[in-house]
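This report describes selected features of one structure: backbone exceptions, nonpolar cores and helix packing. The sequence and structure are shown below.

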Amino acid sequence: MANAILAVILPSRGALSAASYELLGAGRVLADALKQPLLAAVIGGNAATLAADIASRGVDRVLVVEHPSLSNFTEEAYANAAAAAAKISGASRVILPSTVVGRAVAARLAVLLKAGLATDVTEILPSGAIRRGCYGGNLIAEVEFKTGIAVLTVAPMTFPRTEPKGSPAPLEAVSFDPGTAKSECLSFKAEESREIDLGAAEKVVSGGFGLGGPEGFKLLFNFAHALGAAVGASRRAVDSGWIAYRHQVGLTGRTVRPKLYVAVGISGQIQHLAGMSSSSTIVAINTDKDCPLMQMASISVQGEYAELLPLITDEIKRRKGHTAAA
Ligand SMILES: Cc1cc2nc3c(=O)[nH]c(=O)nc-3n(C[C@H](O)[C@H](O)[C@H](O)COP(=O)(O)OP(=O)(O)OC[C@H]3O[C@@H](n4cnc5c(N)ncnc54)[C@H](O)[C@@H]3O)c2cc1C
C-alpha cells in the first residue's frame with residue numbers, strides 16, 4: 001500500500017536551487033493533506049553532499065541516489081533513478097518541479113511507474129486532489145487520481161520555500177544500477193551569461209513584437225540594466241528571432257511572478273498572460289490603449305516605446321546617482 005509523498009530533488013549542475021525548496025513546500029502541503037510522511041530523493045553525481053541541506057528542511061527521510069552516471073543530466077538516467085527511489089519509498093505521490101528538466105523527467109517517470117500525471121500544479125486541496133490551469137489559464141482543472149501512484153509537477157513560485165528547522169531527517173542510500181543506457185551526455189557547455197535569472201527575478205522587463213526588431217531590444221536591455229531587472233519577451237518576438245527562447249514568458253515559456261512586470265510593445269494575448277498575470281504590479285507601455293495588457297495593467301502608459309524607454313532609463317540612472325552616459 002503506497003503511503004508516502006516523495007519530492008524528487010533535481011540539482012542543477014550539482015547545486016540545489018530555489019525550485020528544490022519550493023518543491024519541499026508543496027510536498028509538505030500534500031503530506032499534511034494526505035496524512036502521509038514526506039520523503040525527499042536527492043539525485044545526482046554528488047547527491048550525498050547535498051542531502052544534508054534537504055534533510056534539515058522538515059522532511060521525514062531523505063533517499064540519496066548517487067552514481068557517477070548521474071553527474072551529467074540525461075532524462076533517461078534521471079527518470080530511472082527517480083523510479084528506483086519511488087519504488088523503495090512506496091510513494092503514493094511523486095512530485096517534481098515544473099522546470100524544463102522536471103517536466104521531462106516526470107513524463108518518463110509516469111510511464112515507468114504506470115502512474116497518473118498532472119503538470120503545473122498550482123493548488124493542493126485538503127482531499128489531496130489538485131488544481132492546475134489549462135487552456136492558457138482560461139480554465140482551472142481539478143484533478144483526482146485513479147491510479148495508486150501519481151506523478152505531479154509543481155508550478156514555479158507557487159508554494160512557499162522551506163527553511164531549515166528542527167533536527168535533520170535520517171539519510172538512506174539507494175543503490176542504483178544505470179543498466180545499459182540508450183543515451184549519454186558527452187559534454188556540457190554552460191552558457192556564458194551575466195543576465196539576471198527570469199524565474200527568480202523580483203523585477204522583469206519584457207519586450208514584444210511592438211519593439212519592431214533587435215534594435216528595439218537593445219533599448220529594452222539598457223532599461224532593464226538600469227532598473228536591475230531580468231529581461232523577458234513575448235513568443236512573437238522570440239519567433240521573430242529578436243531574442244533567445246530562454247527569455248520567453250508565457251504558456252510555452254517561463255512563468256514569472258515578480259514584484260514588478262513591465263511589458264513593452266506586448267498586446268497581452270492569453271498565452272502571454274498565462275506566464276505573468278500573477279505579478280504584483282504590472283506596467284504596460286503600448287501605443288494601443290485598448291489592447292488587453294493595457295486594460296489589465298496596474299499602470300498603463302500610452303506611447304511609442306522608442307521615445308519613452310530612453311527617457312525612463314535616463315531618469316532611473318539619474319535617480320540612482322549615475323550620469324546618463326554611465
Ligand atoms: C499554443 C500557443 C502557445 C503560445 N505561447 C505563448 C507564450 O508562451 N508566450 C507568448 O508571449 N505568446 C505565446 N503565444 C502567442 C500569442 O498568442 C501571441 O501571438 C503573442 O503573445 C503576441 O506577441 P506580442 O504581444 O509581442 O505581439 P502582438 O500581438 O503583435 O502585439 C504587439 C503590440 O505592440 C504594440 N506596439 C506596436 N508598435 C509599438 C510601439 N512603437 N511602441 C509601443 N507599442 C507598440 C501594439 O499595439 C501591440 O499591442 C502562444 C500561442 C499559441 C497558439
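## Residues with positive phi

Arg13 is partly exposed, because its relative accessibility is 48% (buried means under 20% relative accessible area, exposed over 50%, partly exposed in between, with a 1.4 Å probe and protein chains only). The model is a predicted one, in which local features need pLDDT of at least 70 and side-chain atom pairs count only at pLDDT 80 or more, while totals for chains, interfaces and linings use all residues. Residues are numbered from 1 along each chain as its sequence is written, and side-chain values use heavy atoms, with hydrogens and water left out.

Arg13 sits in the loop between E1 and H1 (helices, H or I with at least four residues, and strands, E with at least two, are DSSP runs numbered from the N terminus). Although Arg13 is not a glycine, its phi is positive, at about 50°. Most residues other than glycine have a negative phi. Lys35, also not a glycine, has a positive phi near 55°. Its place is the loop between H1 and E2, and Lys35 counts as exposed because its relative accessible area is 73%.

## Nonpolar cores

The largest nonpolar core has 32 residues, of which Ile9, Val42, Ile54, Val62 and Leu152 touch the most other members (a nonpolar core is a set of buried Ala, Val, Leu, Ile, Met, Phe, Trp, Tyr and Cys residues joined through side-chain atoms within 4.5 Å). Two or more residues of this core come from each of strand E1 (5-9), helix H1 (18-34), strand E2 (38-44), helix H2 (47-55), strand E3 (61-66), strand E5 (116-124) and strand E8 (150-154). H1 gives the most, with 6 residues.

Which residues does Ile54 touch, not counting those up to four places away in sequence? They are Ile9, Leu16, Tyr21, Leu24, Ala40, Val42, Val59 and Val62 (contact means heavy atoms within 4.5 Å). A second, separate core has 31 residues, including Leu6, Leu10, Leu39 and Leu96.

## Helices H3 and H4

Helix H3 (residues 75-89) and helix H4 (residues 100-113) have axes that come within 9 Å and cross at roughly 50° (axes are lines fitted to C-alpha atoms, for helices over the stretch in contact, and angles run from 0 to 180 degrees between N-to-C directions). H3 is therefore oblique to H4 (angles under 35 degrees count as roughly parallel, over 145 as roughly antiparallel, 65 to 115 as roughly perpendicular and the rest as oblique).

Among the contact residues are Tyr78, Ala82 and Ala86 of H3 and Val105, Leu109 and Leu112 of H4. By class, the contact of H3 with H4 has 10 nonpolar, 1 polar and 4 charged residues (Ala, Val, Leu, Ile, Met, Phe, Trp, Tyr, Cys and Pro count as nonpolar, Asp, Glu, Lys and Arg as charged, and the others, Gly among them, as polar).

## Helices H5 and H9, and Thr313

The axes of helix H5 (residues 214-227) and H9 cross at roughly 20° and come within 9 Å, so H5 is roughly parallel to H9. Residues making the contact include Leu219, Phe223 and Ala226 of H5 and Leu309, Thr313 and Ile316 of H9. The contact of H5 with H9 divides into 11 nonpolar, 3 polar and 1 charged residues.

Thr313 belongs to helix H9 (residues 305-319) and is buried, because its relative accessibility is 5%. Apart from neighbours within four places in sequence, Thr313 contacts Asn222, Phe223 and Ala226. The C-alpha atoms of Thr313 and Phe223 are 5.0 Å apart, although the two residues are 90 residues apart in sequence.
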